[in-house]
Amino acid sequence: MWVSVLTAIAEQAVNRLLTLEPNLAADLQGAAHNVLALTLTDLNLSCALHYNGEYCFVYGNYHDDADCHITTSVDCLGELKDPSQLTRLIRSGKLDLEGDLHLAQLYSKAFGNLNIDWAEHLSRYLGDAGAEHLVSSVKACNNKAQLHKKSYQQVMTQLCQDELNVTIHPLELQQFKAQTRALSSQLAALEQRINALTD
Amino acid sequence: MKEENRDTTHFGYKTVESTQKESLVADVFHSVAAKYDIMNDFLSFGIHRLWKRQTVACAGVRKGHRVLDLAGGTGDLTAKFSQLVGDTGQVILGDINDSMLKVGRDKLRDLGLVNNIEYVQMNAQALPFPDNSLDVITIAFGLRNVTDKDEALRSMYRVLKPGGRLLVLEFSKTDNEALSKLYDFYSFNILPNVGKIVANDSESYRYLAESIRMHPDQETLKGMMENAGFEQTSYQNFTGGIVALHRGFKY
């Protein structure tokens, strides 16, 4: 049931966007009365978008026929915003697409082109100054979060690399053992030879 | 759930003459029609909207389809289907009760949905449509009030086009013991009292609780659909089985 709650929220959000951004509605006109299904394999979640020319329905647990069905992972979702990436993702096996590629590109382009002027929309409730301050604060927080994320990623990468340097590969261990055994047998042979000479 | 015999049937926990049930059910819905929507939200805590959302998602309704929202009451599903079928499609809001139809018609007109909706008073057991004429039929929280459910399912099968589908959204049986006890307490103690306070009608809401208990469980209803001719029948439980959505196709 939580899927229905999430899709209900998503539906409200998408339709709010459609009223706030007339360009989005214009970009989606070509998708009217077509169904775009999306399956996220890592979340085991299937949903669908059904735009009727005015309103966008978001379905959860969708397992019906669709004009275009995309199967991918959450990580690739961000890349779907760029229509030119679709073919690359399909070739690299990160995305499976059945049906009308044009429909996927249309949605990708429509949502990729979104450039919401949040300050403008919020100014009705908060006033110009308040809205501008809120939006710039959120942007600053977002930038800071991105910096921290990048920094943590670098630290983690460094840690992994350091760890790689102090641990050896199993093959190296096997080679070391073989060399040690050879040295040991050579030493034993030398010991026998010395014993034979001294006796 | 089998009927007692050919001449009697259940009305809640009572056994009544088959010919009486329609008028008894009609009295219930005449009584609750005006406050039906608000009571639905109140008594289900709004969850009925999520159940209906999933029904729309499973209906596969597309532009140009002809859809029957049977026992459609106040038109929650009709409103969605009307937007999906577009100008070339048609949605028929059918109900046996004229009070419910009037409430539904007023509500949908207030929403500006007028172009592709027809309102027809009809009996689910004898649908007034030619054979193979509808793409999708839904019946949400209505089948348990029908006197002869098997006959109604056969009638729905007859009017569906090959490839068409039936969706039955209805209260069902939960197999969770704790939830079942809580649900029983709510149904027989809280629900009639809330009905009395909000709608000034406790008897109708007592009937609601009793009729739910007398309705066939998930597997039985699935079997009834198969007996009527439906194929690829399946069901999904909502809210622990308190409600189930059955789906079947005609090929």
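Predicted model: local features only at pLDDT ≥ 70, side-chain atom pairs only at ≥ 80, totals over all residues.
Let's start with the overall layout of chain A. The chain is split into three domains: domain 1 covers 2–112, domain 2 covers 118–164 and domain 3 covers 168–199. If you take the C-alpha centres of domain 1 and domain 2 of chain A, they sit 26 Å apart.

Now for the sheet in chain A. Five strands line up in the order β3-β2-β1-β4-β5, making an open sheet with mixed pairing. The edges belong to β3 (56–60) and β5 (96–99) of chain A; each has a single partner strand, so one side of each has no neighbour in the sheet. On average, and ignoring direction, neighbouring strands are turned by 15 degrees against each other.

As a reminder, strands of a sheet pair through backbone hydrogen bonds, in either a parallel or an antiparallel way. Look at β1 (residues 34–40) and β4 (residues 68–72) of chain A for the parallel sense, where the pairing runs over five bridges. To find your place there, pick out Leu38(A): its bridge partner in β4(A) is Ile70(A).

Helix α1 (residues 2–20) of chain A lies across β2 (45–51) and β3, and runs at about 165 degrees to β3(A). Helix α5 (residues 101–112) of chain A lies across β1, β2, β4 and β5, at about 80 degrees to β1(A).

Next, the place where the two chains touch. Chain A brings 13 residues to the contact and chain B brings 12. On the chain B side, the elements giving two or more residues are α3 (47–59) and α4 (76–85). The biggest giver on that side is α3(B), with four residues. By type, the chain B side comes to four nonpolar, five polar and three charged residues.

Finally, stay in chain B and move along to α7 (residues 177–199) and α8 (residues 202–214). Their axes are 7 Å apart, and the helices pack at an angle of about 150 degrees. Anything over 145 degrees counts as roughly antiparallel, and α7(B) and α8(B) are therefore roughly antiparallel to each other. Their crossing is right-handed. Which residues of α7(B) and α8(B) meet? Among them are Phe188(B), Leu191(B) and Pro192(B) from α7(B), and Tyr205(B), Leu208(B) and Ile212(B) from α8(B). The residues of this contact divide into seven nonpolar, five polar and two charged.

Terms used
Residues numbered from 1 in each chain as written. Chains lettered and ligands numbered in written order. Axes fitted to C-alpha atoms, helices over the stretch in contact; angles between N-to-C directions. Parallel < 35°, antiparallel > 145°, perpendicular 65-115°, else oblique. Left-handed = near helix turned anticlockwise from the far one by under 90°. Contact = placed C-beta atoms within 7 Å. Nonpolar A, V, L, I, M, F, W, Y, C, P; charged D, E, K, R; others polar. Pairing = 2+ DSSP bridges. Domains from an automatic or database assignment.
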